[in-house]
Amino acid sequence: MILKSNLGKGEKALEKATTLIPLSKSDKVLLSKIEQEAGTDINLCYQCGKCSAGCPAGFAMDYKPREIIRLLQLDMLDKALNAESIWICATCETCSARCPRGVDIASLMDALRREALKQGRITDKKVANFNKAFLGTVKRFGRTYEPGILLYHNATTMQPFKDAGLGLPMMKRGKMEIFPGKIKGKDEVKQIFIRASELGGEE
Ligand code: SF4
Ligand code: SF4
């Protein structure tokens, strides 16, 4: 048995870093509400890391998808809600599709994002603005419209010329359209937003 008094400086620091504080009763309720909203169970995760390995946005995240789940398993809900990862996640669903345990990480990221927004916990306003710009174009045009996202994002983050040089070459290569393309089912997409808002989701 190792006595506490015999621990070295590094070991003490490690012990301190790994001291877990159980969630309060209200946070426990909140965590199960988040799981319920996401329709998934964090305790199914056995930390294989397949989700993180396939995540196209993982390189920019402070906590990879696997780590977000681990934070939640260890009752570190506060850290998960403050993570930049939840704003960087593009909801591409690669993680959910790869998970051998059927954990719907994409949906969990979404539920965490909604809760963080509700609590006003926005670590990076630029990322939150981008999220708003992205959803705004989908709501309006039924699909993403990159020039619209760029204009809204740059105007609301006070950086009018950010990435301006990329637009023209992308348009020339046919990677970006000048005007928003028309799609079928635009009204149905609008209805999805209305329904989501009625259920308490983002406007
Ligand atoms: S792929 Fe699934 S089981 Fe593996 S770490 Fe990610 S969430 Fe956990
Ligand atoms: S849904 Fe989000 S977390 Fe999952 S792979 Fe895509 S970007 Fe990564």
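1. A note on terms comes before the ligands. Ala, Val, Leu, Ile, Met, Phe, Trp, Tyr, Cys and Pro count as nonpolar; Asp, Glu, Lys and Arg count as charged; the others, Gly among them, are polar. On that basis, the shell around ligand 2 holds 11 nonpolar residues, three polar ones and one charged one. Please keep in mind that this is a predicted model.

2. Ligand 2 in detail. It is surrounded by 15 residues, and Cys55, Cys89, Cys92, Cys95 and Ala106 are the closest. Two or more shell residues come from each of α7 (94–98) and α8 (105–118). Helix α8 gives the largest share, three residues.

3. Ligand 1. Around ligand 1 there are 15 residues, of which Cys45, Cys48, Lys50, Cys51 and Cys99 come nearest. Here the elements that give two or more residues are α3 (50–54) and α4 (65–73). The shell splits into nine nonpolar, two polar and four charged residues.

4. Overall fold. The protein has 12 helices and zero strands. Of its 203 residues, 21% count as buried. Take the contacts with a separation of 6 or more: 62% of them join residues 24 or more positions apart.

5. The core. Which residues have the most contacts inside the largest nonpolar core? They are Ile68, Ile69, Ala80, Ile105, Met109 and Leu112, in a core of 26 residues. At least two core residues come from each of α2 (25–38), α4, α5 (77–82), α6 (85–88) and α8. The largest share, six residues, is from α8. Helix α8 also gives the largest share of the shell around ligand 2.

6. A residue to look at is Leu112. Its neighbours within four places in sequence are left aside here. Leu112 is then in contact with Ile34, Ala80, Leu81 and Ile86.

7. A helix pair. Two packed helices are described by the angle between their axes and the distance between the axes. For α9 (residues 125–141) and α10 (residues 146–156), the angle is about 145 degrees and the axes lie 9 Å apart. The crossing of α9 past α10 is right-handed.

8. What lines this contact? From α9 come Asn129, Phe130, Ala133, Phe134, Gly136 and Thr137. They meet Gly148, Ile149, Tyr152, His153 and Thr156 of α10. By class, the contact has five nonpolar and six polar residues, and no charged ones.

Methods. Residues are numbered from 1 along each chain as its sequence is written. Chains are lettered from A and ligands numbered from 1 in the order in which they are written. This is a predicted model: local features need pLDDT of at least 70, side-chain atom pairs count only at pLDDT 80 or more; totals for chains, interfaces and linings use all residues. A residue is near a molecule or strand if its C-beta atom, placed from the backbone, lies within 6 Å of it. Helices (H or I, at least four residues) and strands (E, at least two) are DSSP runs, numbered from the N terminus. Axes are lines fitted to C-alpha atoms, for helices over the stretch in contact, and angles run from 0 to 180 degrees between N-to-C directions. A crossing is left-handed if the near helix is turned anticlockwise from the far one by less than a right angle, and right-handed if clockwise. Two residues are in contact if their C-beta atoms, placed from the backbone, lie within 7 Å. A residue is buried if 20 or more other C-beta atoms lie within 10 Å of its own, exposed if 12 or fewer, and partly exposed in between; C-beta atoms are placed from the backbone. A nonpolar core is a set of buried Ala, Val, Leu, Ile, Met, Phe, Trp, Tyr and Cys residues joined through C-beta atoms within 7 Å.
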